[in-house]
Amino acid sequence: MDRKHNKSLVLNAKELRKNMTKEERHLWYDYLKYYPVRFSRQKVLGKYIVDFYSASAKLIIELDGSQHFEEAGQKYDKQRDEYLKEYGLQIIRIPNNEINENFDGVCEHLDNLIKQSLSQLR
């Protein structure tokens, strides 16, 4: 991976943390912040900033708004995911509407994926 802490993205990451979307705030404050496995939010990884990242689970959680379902967004996400997967990271993409409409189901799904990821790393 390029430099783990890309200084050129740090200010942008801090700004993104201050201005999270309502779905990001909901997932962070109502689930991930107090999850037993540590997560970071708006984490700089190489040349990208990811929504949520767990180093111990080698897991990235991305919340996707409508722009991610347009052709340009899908192309960008594919390149980004390929880059991040080269470092053994698993990327989970969750549409914003799932956070809004099925939060408990999303949390249960994430819990299962995190536990599965951790068990494979041991």
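The following exercises, each with a worked solution, concern the predicted model shown above.

Residues are numbered from 1 along each chain as its sequence is written, and side-chain values use heavy atoms, with hydrogens and water left out. Because the model is predicted, local features need pLDDT of at least 70 and side-chain atom pairs count only at pLDDT 80 or more, whereas totals for chains, interfaces and linings use all residues.

**Exercise 1. Overall fold**

Determine how many helices and strands the protein chain has, and test its radius of gyration against the value for a compact globule.

*Solution.* Step 1: helices (H or I, at least four residues) and strands (E, at least two) are DSSP runs, numbered from the N terminus. The protein chain has five helices and four strands, and their order along the sequence is α-α-β-β-β-α-β-α-α.

Step 1: the radius of gyration is taken over C-alpha atoms, and the globule rule is 2.2 Å times the number of residues to the power 0.38. For 122 residues a compact globule would have a value near 14 Å, and the protein chain agrees, with 14 Å. The C-alpha trace spans about 35 × 35 × 30 Å along its principal axes.

Step 2: a contact means heavy atoms within 4.5 Å. Among contacts in the protein chain with a separation of 6 or more, 64% are between residues 24 or more positions apart.

Step 3: buried means under 20% relative accessible area, exposed over 50%, and partly exposed in between (1.4 Å probe, protein chains only). By this criterion, 46% of the 122 residues count as buried.

**Exercise 2. Helix H3**

Step 1: the buried residues of H3 are Gly-73, Asp-77, Arg-80, Asp-81, Tyr-83 and Leu-84.

Step 2: Asp-77 illustrates the buried set, with a relative accessibility of 7%.

**Exercise 3. Helix H2**

Identify the buried residues of helix H2 (residues 22-30) and what covers them.

*Solution.* Step 1: Glu-23, Glu-24, Leu-27 and Trp-28 are the buried residues of H2. They cover an arc of only 125° around the axis, which puts them on the same side of H2.

Step 1: their cover includes S1, S2, S3, helix H4 (96-101) and helix H5 (103-121).

**Exercise 4. Strand S3 and its partners**

Describe the burial of S3 and the sense in which S3 pairs with S2 and with S4.

*Solution.* Step 1: six of the six residues of S3 are buried. Leu-59, Ile-61 and Leu-63 point one way, while Ile-60, Glu-62 and Asp-64 point the other way. In a regular strand the side chains alternate between the two faces of the sheet.

Step 1: two strands pair if DSSP finds at least two bridges between them. S2 and S3 pair in the antiparallel sense over three bridges, and Phe-52 has Ile-61 in S3 as its bridge partner. Four residues separate S2 and S3 in their hairpin, and Lys-58 in the turn has a positive phi of about 50°.

Step 2: S3 and S4 pair in the parallel sense over six bridges, with Leu-59 opposite Gln-90 in S4.

**Exercise 5. Aromatic pairs**

Classify the ring pairs Tyr-31 and Tyr-35, and Tyr-48 and Tyr-76.

*Solution.* Step 1: rings of Phe, Tyr and Trp (its six-membered ring) pair if their centres lie within 6.5 Å; planes under 30 degrees apart count as stacked, over 60 as edge-to-face and the rest as tilted. The whole structure holds six aromatic pairs.

Step 1: the ring centres of Tyr-31 and Tyr-35 are 5.4 Å apart and the planes stand at 50°, so this pair is tilted. Tyr-31 is buried at 16% relative accessibility, and Tyr-35 is buried at 11%.

Step 2: for Tyr-48 and Tyr-76 the centres are 6.0 Å apart and the planes at 75°, so the pair is edge-to-face. Tyr-48 lies in strand S2 and Tyr-76 in helix H3, so the pair ties together parts 28 residues apart in sequence. Tyr-48 is buried at 10% relative accessibility, whereas Tyr-76 is partly exposed at 43%.

Step 3: Tyr-48, Tyr-76, Tyr-83 and Tyr-87 form one aromatic cluster.

Conventions. Arc of directions from axis to C-beta.
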